[in-house]
Amino acid sequence: MDNTGRYRLVYDLHTHTTYSHGKGSVEENVREAFNKKLNFIAISDHGPGHLFYGVNRGDFVNLRNDIERMNVKYPKLNVRMSVEANIVKAGSGLDIKPEEFEEFDFVIAGYHYGLFGCSCIRNWLWNKGFRYGEEKLKKSNTDMVINALKSNDISILTHPGDKGPFDIRAIAEVCAETDTLMEINTWHGHMTEEEIRIAAEVKDVKFIISSDAHTPDRVGDFESGLERAVKAGLDLDRIVNIEEIK
C-alpha cells in the first residue's frame, strides 16, 4: 500500500531562510508552499544563540515585516513567524529569552551543535564513535531537553534524538505533559523508525512531520517521514499535519 500517495501535507512549520541558515528568501519559501497547496507555512529560522548561523535579533522586525507582506500577497496561505530556538543548559534552557517569546506566533526548539553550554563537543565525539561515558551523557542530554520543555512553551520539539544519546521515552512523557509535538524530520532522519516506536508507547504524544527546509524546493517535503512512521507502526491519526486525500 502506497501510504505517501494517499496522504497530503497540510502545513509545514519548520523552514529556514537567508535570515539564518537557509538558501532562499521568505517569499521563495512561501511561494513553494503556495504551489504545493499547503494551508499554511511557518518561517522558523535558527535561534540567535547559534555561533555560526543564528538569526540576528535585530532582524526580528524585518522578518515580521516580510511575513506580513506575504500574508497580503498570498491571502489564501497563512504565513506564521516562528523560531527554532536552541536548547541549552543555562537559564531557561533556550537561547530565546522569555520576554522574546512575544516576538513569535509560536516557538519550536531542538538540540544543535554550535552553542556553548550544551555538551556540544562531547556529543560530537559520541557521533564520531567515541562512546565513553555514554550513559552519563545520555542523562545530561535528556535532563537538558526536559528542563527546556518544562520551563518554556515549546510547540514542537525538533528532530528528537539527533546529534547525541537521548532517552526518547522519558522525553516523550514530558512532551505529552507539556502538549509538545514530537517532530518527524525529513532532513535529519530523526525521529528514526525506532525512536518513533518508542515515543508512540506514550499514548498522549502527538507527532508532526516537518521538512526542515533549508532550500525552497524542500518546503512541504514529507514523504520519507510518513514512510518512517508507517514502518514504525504509528497510528497516522497521531500525526497532526497530514490528511487522507478524499
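In these legends, Ala, Val, Leu, Ile, Met, Phe, Trp, Tyr, Cys and Pro count as nonpolar, Asp, Glu, Lys and Arg as charged, and the others, Gly among them, as polar. Please keep in mind that the views come from a predicted model.

**View 1. The residues that line the largest pocket.** Welcome to the largest pocket, where the lining divides into five nonpolar, five polar and two charged residues. You can look for Trp 126, Asn 127, Gly 161, Gly 164, Pro 165, Phe 166, Ile 168, His 190, Thr 192, Glu 194, Glu 195 and Ile 198 around the space. That space comes to about 150 Å³.

**View 2. The helices beside the largest pocket.** Two or more residues of the lining come from each of α4 (120–127) and α7 (193–200). Of the elements here, α7 gives the most, with three residues.

**View 3. Asn 86 in its strand.** Now let us move to Asn 86, which sits in strand β4, spanning residues 78–86. With a relative accessible area of 0%, under the 20% cut-off, Asn 86 counts as buried.

**View 4. The side-chain partners of Asn 86.** Here you can follow the side chain of Asn 86 to that of Asp 95, through a polar contact of 2.7 Å. The side chain of His 112 is also a partner, joined to the Asn 86 side chain by a polar contact of 3.0 Å.

Conventions
Residues numbered from 1 in each chain as written. Predicted model: local features only at pLDDT ≥ 70, side-chain atom pairs only at ≥ 80, totals over all residues. Heavy atoms only, no water. Helix = DSSP H or I, 4+ residues; strand = E, 2+ residues; numbered from the N terminus. Buried < 20%, exposed > 50% of the residue type's maximum accessible area, 1.4 Å probe, protein only. Polar contact = N/O pair within 3.5 Å; in protein donor to acceptor, adjacent residues only side chain to side chain. 1 Å grid on protein atoms, 1.4 Å probe; cavity = no way out; pocket = protein on both sides within 12 Å on 5 of 7 lines; lining within 4 Å. Points joined across faces, edges and corners; volume = space filled by probe spheres on them.
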